[in-house]
Amino acid sequence: MTAPLLAVDRLEKHFPVERGILFSRRLGTVRAVDGVSFSLARGETLALVGESGCGKSTTARLVLRLIPPNAGSIRFAGTDITKLEGEALRRIRRRMQIVFQDPFASLNPRMTVAETLEEPLKVHRIGNRAERQARVRELLGLVGLASYHAGRYPHEFSGGQRQRIGIARALAPNPELVVCDEPVSALDVSIQAQIVNLLGDLKRELGLSYLFIAHDLAVVKHVADRVAVMYLGRIVEMARKEDLFAAPLHPYTRMLLAAIPRPDPRLKPASIASGDIPSPLDPPSGCSFHTRCPFAIARCRTEDPKLAPFASGHSVACHRT
């Protein structure tokens with residue numbers, strides 16, 4: 001069996017919550033990521049989905065070592081990168097890049113497109129000046145932009161074009177893994193399909209692997225090979241895309257699927273849950289979803305369900321399955 005490109009095991013990230021400046025007092029701890037485990041094969045797209053605040057973007061930043069974990073391990077191409085620092089970490093980062101959510105905030109307004117795309121090449125000491133300029137032109141072509149765009153500034157582009165520049169920047173050092181942190185959620189619906197199609201084309205052309213962060217399952221259905229559903233810092237269901245959409249097992253997954261807009265206005269939403277996501281500072285006891293779940297039983301209020309296999313390639317954390 002081929003080793004995965006990325007293997008995350010029992011990853012944790014906790015943030016202390018304090019009040020006061022001179023004499024700060026700890027109010028508690030937010031368990032943003034609480035024992036997350038998953039793997040990603042070469043050439044695969046794994047979608048990490050859930051409501052805002054569930055910990056998916058924090059997980060993405062942990063994977064890239066943009067923030068340090070409190071516990072757990074991250075193995076990339078067989079190397080444990082959890083405690084790497086300095087030059088060793090910089091070499092690994094060349095092989096894994098990120099596309100940010102907001103194309104308006106993620107580009108430096110004072111840098112031209114050419115400077116933006118050349119910067120990661122300089123950081124990773126790739127090529128001489130002529131080679132870097134040739135790479136910039138190549139990257140622009142890869143994402144559907146023209147070479148004359150290189151001398152322009154971010155404010156001269158539309159949102160979709162800016163995101164293409166962000167994708168080109170991520171591809172500059174020729175990575176193996178690209179983390180897409182909600183790359184289309186800030187774009188108009190008419191532009192989202194173009195960016196999704198572009199990501200698919202680049203995956204096939206360059207042999208990329210994607211960790212795709214999203215809250216919109218309608219988008220995930222078009223890009224993912226497998227889906228991991230997160231709720232309050234934990235994965236509650238993981239399955240192949242086809243299995244998850246055909247037969248979701250966790251009530252939270254069913255709620256997310258029911259929230260997908262339907263083109264027929266005569267169809268009523270089939271939501272099975274109500275209420276807002278609880279505060280991560282004070283999560284419910286037992287199953288963290290039981291306060292919103294219509295199928296909760298007494299055991300759900302006291303015992304935390306563990307993610308366990310239900311069928312081949314399909315795992316769920318629910319006492320009712």
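Arg-125 sits in the loop between H3 and helix H4 (129-142). In this predicted model, Arg-125 has a phi near 55 degrees, a positive value in a residue other than glycine. With a relative accessible area of 63%, Arg-125 is exposed, because exposed means over 50%.

Ala-77 also has a positive phi, near 50 degrees, and is likewise a residue other than glycine. Ala-77 belongs to the loop between strand E4 (71-76) and strand E5 (79-80). Its relative accessibility of 28% makes Ala-77 partly exposed.

A further loop residue is Ile-277, placed between helix H9 (251-258) and helix H10 (298-302). Ile-277 counts as partly exposed, at 27% relative accessibility. Between the C-alpha atoms of Ile-277 and Pro-248 there is a separation of 20 Å, and the two residues are 29 residues apart along the chain.

**Pockets and cavity**

The table lists the spaces by volume and by the classes of their lining residues.

| Space | Volume | Lining residues by class |
|---|---|---|
| Largest pocket | about 340 Å³ | eight nonpolar, two polar, four charged |
| Second largest pocket | about 290 Å³ | nine nonpolar, four polar, four charged |
| Largest cavity | about 90 Å³ | ten nonpolar, three polar, one charged |

The largest pocket holds about 340 Å³ of space. Its lining is made of 14 residues, and those closest to the centre are Leu-66, Met-96, Gln-97, Ile-98 and His-124. Two or more lining residues come from each of helix H2 (86-93), strand E6 (96-99), helix H3 (113-123) and helix H5 (159-171). In the lining of the largest pocket, eight residues are nonpolar, two are polar and four are charged.

The volume of the second largest pocket is about 290 Å³. This pocket is lined by 17 residues, of which Arg-234, Ile-235, Pro-305, Lys-306 and Leu-307 are closest to its centre. Strand E2 (25-40) and strand E10 (234-240) are the elements that give two or more residues to the lining of the second largest pocket. E2 supplies the largest share, with four residues. Nonpolar residues number nine in the lining of the second largest pocket, with four polar and four charged residues beside them.

How many cavities of 30 Å³ or more does the structure hold? There is one. The space in the largest cavity is about 90 Å³. Of the 14 residues in its lining, Pro-251, Cys-287, Cys-293, Cys-300 and Cys-318 are closest to the centre. The lining of the largest cavity divides into ten nonpolar residues, three polar residues and one charged residue.

**Arg-162**

Arg-162 is part of helix H5, an element that gives two or more residues to the lining of the largest pocket. Is Arg-162 buried with or without a salt bridge? Arg-162 is buried and has no salt bridge. The nearest side chain of opposite charge is that of Asp-102, 6.7 Å away. A polar atom of the Arg-162 side chain does lie 3.4 Å from the backbone oxygen of Phe-157.

Methods
Residues numbered from 1 in each chain as written. Predicted model: local features only at pLDDT ≥ 70, side-chain atom pairs only at ≥ 80, totals over all residues. Heavy atoms only, no water. 1 Å grid on protein atoms, 1.4 Å probe; cavity = no way out; pocket = protein on both sides within 12 Å on 5 of 7 lines; lining within 4 Å. Points joined across faces, edges and corners; volume = space filled by probe spheres on them. Nonpolar A, V, L, I, M, F, W, Y, C, P; charged D, E, K, R; others polar. Buried < 20%, exposed > 50% of the residue type's maximum accessible area, 1.4 Å probe, protein only. Lys, Arg positive; Asp, Glu negative; His and termini not counted. Salt bridge = Lys/Arg side-chain N within 4 Å of Asp/Glu carboxyl O. Polar contact = N/O pair within 3.5 Å; in protein donor to acceptor, adjacent residues only side chain to side chain.
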